[in-house]
Amino acid sequence: MSLHPPPDRLMAPRKHGKVILTPPTQHEILEDEHHDDDENTWSPLQTAARDGNFDAVCKLLEANASNSNTVSKKELVNEPPHGWYGQTALQAACANGQLSIVNALLDAAAEIDAPGGNNGGRTALTVAALGGHYDVVERLIEAGANINVRAHRYMGRTPLQAAAEGGHVAIVKLLLDRGADINASAAHNNGRTALTAAALAGHAELVQLLLDRGANVNPPLMRYKSLTPLQAAAFGGHLEIAQTLVAAGADVNADGCYYNGYTALGAAAEQGNADIVEWLLKAGADVRQTAGNKGWTAYQMAYFVAHEEIATRLWKLEREAQRVEAGNH
């Protein structure tokens with residue numbers, strides 16, 4: 001059946017769902033270096049650490065120590081990251097699980113909690129946790145890394161949020177056992193709590209673990225590109241996780257954030273996850289609820305990205321709800 005929305009609701013359909021910005025992969029970080037932009041320049045030590053070249057790292061440190069005209073070893077080791085996705089030498093080594101280089105840099109007085117580039121600002125512990133490098137995470141904790149460092153304002157993650165996002169169960173357990181805050185605030189823009197990160201990525205085992213350890217199933221949302229765990233599961237198409245979250249008390253009709261916000265139903269509808277749409281409707285999702293700065297209903301979100309069958313179903317339900325309401329007055 002073709003969809004014919006009222007004139008005041010007409011929107012040009014587009015293909016595919018809207019993509020929420022995610023942090024770059026390590027491969028994308030490396031590609032970024034080759035752009036003709038001074039801000040994307042990596043120092044020789046950062047490059048050697050990133051590439052896992054232990055011999056080059058040692059030679060650079062030794063050459064610096066023997067040359068009194070150069071910067072101090074501490075300044076060399078702690079040269080700040082350049083560009084949006086730059087990394088310190090220690091962060092670069094941690095991102096790739098280079099434990100021997102991590103040890104060498106720590107011995108050379110690398111600043112363990114230095115922030116990364118402007119997009120994410122992730123510390124060494126956070127990038128190691130995201131990459132699933134258990135031995136490096138353990139070493140950094142032993143060396144005094146801050147387990148509960150606050151998430152950078154833009155796309156930041158705490159170490160626990162990063163580990164949950166990456167699906168690294170053993171690291172999540174380690175961080176929790178060492179005192180990580182399970183309900184640490186998400187980044188102001190495009191942030192995730194640990195539970196939201198696990199739900200969005202479809203890590204069912206981690207979702208259950210975090211719930212068992214006391215994760216807030218209805219955390220407060222940040223203003224920009226923020227999701228509740230249930231909204232994240234609906235967006236990602238993870239029905240079983242959505243069911244687990246609702247059973248644990250997740251609010252089916254929780255409001256979305258201000259900018260690019262979704263209800264759970266809206267998230268499922270926009271991404272074309274028909275099975276979750278139907279399940280949420282049975283669970284009591286409100287088809288007339290709006291979300292985000294656009295103030296759209298789930299029907300409008302589905303229609304805008306050309307999920308015609310879902311949009312048609314939701315439009316009919318909206319109209320029926322309107323008729324029922326009108327009949328009660």
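Analyst: Let's start with Glu165 and Arg157, whose side chains meet in a salt bridge at 3.2 Å, N to O. That term means a side-chain nitrogen of Lys or Arg within 4 Å of a carboxyl oxygen of Asp or Glu. Side chains of opposite charge can pair when their charged atoms come close. Both Glu165 and Arg157 are buried; buried is under 20% relative accessible area, exposed is over 50%, and partly exposed is in between, using a 1.4 Å probe and protein chains only.

A quick word on the model: it's predicted, so local features need pLDDT of at least 70 and side-chain atom pairs count only at pLDDT 80 or more, while totals for chains, interfaces and linings use all residues. Residues are numbered from 1 along each chain as its sequence is written, and side-chain values use heavy atoms, leaving out hydrogens and water.

Now for Arg288 and Glu325, which form a salt bridge at 2.2 Å, N to O. Arg288 sits in the loop between helix H16 (274-282) and helix H17 (298-304), and Glu325 is in helix H18 (residues 308-327), so this pair ties together parts 37 residues apart in sequence. Helices here are DSSP runs (H or I, at least four residues), numbered from the N terminus. Arg288 is partly exposed at 34%, and Glu325 is partly exposed at 36% relative accessibility.

Then there's Arg139 with Glu142, a salt bridge at 3.3 Å, N to O. These two are three residues apart in helix H8 (residues 134-142), so about one helical turn separates them. Glu142 is exposed, with 62% relative accessibility. In total, the structure holds seven salt bridges.
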